[in-house]
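Dear colleague,

I am handing over the structure below. Notes on what was found in it follow.

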Amino acid sequence: MAILEATDVVKRFGPVTALSGAGLEVEPATIHGLIGPNGSGKSTLLHVVAGRTLPDRGRVLLDGADITKARPAARAQAGLSIKFQLARVYHEQTVAENLLLALQVRESIPSLVLSRSRRRHAPRVRALLDDFGLAAVRDRRAGELAHGEQQWLEIAMAMATEPKVLLLDEPTGGMNRHERLRTGELIRQAAATCAVVIVEHDLDFIRDLCDRITVLHQGTRVASGTPAEIERDERVAEVYLTRV
């Protein structure tokens, strides 16, 4: 059974139809790439899944529950986590404080006021710092980190609450080769505990990393399969690979 399903999704912005019956099925503990030419609707579909945009038609299911009309906060409570293209970290807070804030999202006000959650979350903060290679910069302000480190911090923050599905929007944008390789390692690590969906333009990165790939074109799903199947698909070659 798929952990995440988007079925027959339609989204219009005035006279423009961004999605026309698009769909996506993501299996548990897999890395699923979502690709397509510019304007294919992949970011719109990701935003529909995340709750930033409500569809005009279609359904989104998370672990069997209908979240089509749920607010982003409710989706997060249900186990959906997202990292957008631009890092959204708290620049004036330290790396460790950013992770603590990510863990405190679901805390009650009394717990926060009495600092009980800080003590309770300390072991989890240390584990995240170690897992994502951030222990050496734990006390640095997030705004002082290099671009790649900020991206890794936000992935760590997205993973802090142990989601069922992690959505990543162009996680390697602006990175050098070393940073892309490290990001791939962190995504594989994340996939050990949750499903991961990636919107990405770097085809080599997607091919080497993903278990399955869905290709969109003009708001419609053209193909879905393993990287090898996608590479052999003539429709993909026609509508996507020849237009990059």
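Two strands pair if DSSP finds at least two bridges between them. Helices (H or I, at least four residues) and strands (E, at least two) are DSSP runs, numbered from the N terminus. This is a predicted model, in which local features need pLDDT of at least 70 and side-chain atom pairs count only at pLDDT 80 or more, while totals for chains, interfaces and linings use all residues. Residues are numbered from 1 along each chain as its sequence is written, and side-chain values use heavy atoms, with hydrogens and water left out.

Strands S9 (residues 212–217) and S10 (residues 220–225) run antiparallel and are joined by 5 bridges. They form a hairpin with 2 residues between them, and Gln218 in the turn has a positive phi of about 55 degrees. His217 is opposite Thr220 of S10.

There is also an open sheet of 4 strands, antiparallel in pairing, in the order S2-S1-S4-S5. Strand S2 (16–26) and strand S5 (65–66) are at its edges with a single partner strand each, so one side of each has no neighbour in the sheet. Between S1 (residues 4–13) and S2 there are 8 bridges, and Val10 faces Ser20 in S2.

As for helices, the axes of H6 (residues 147–159) and H7 (residues 177–190) come within 11 Å and cross at roughly 5 degrees; axes are lines fitted to C-alpha atoms, for helices over the stretch in contact, and angles run from 0 to 180 degrees between N-to-C directions. Contact means heavy atoms within 4.5 Å.

Regards
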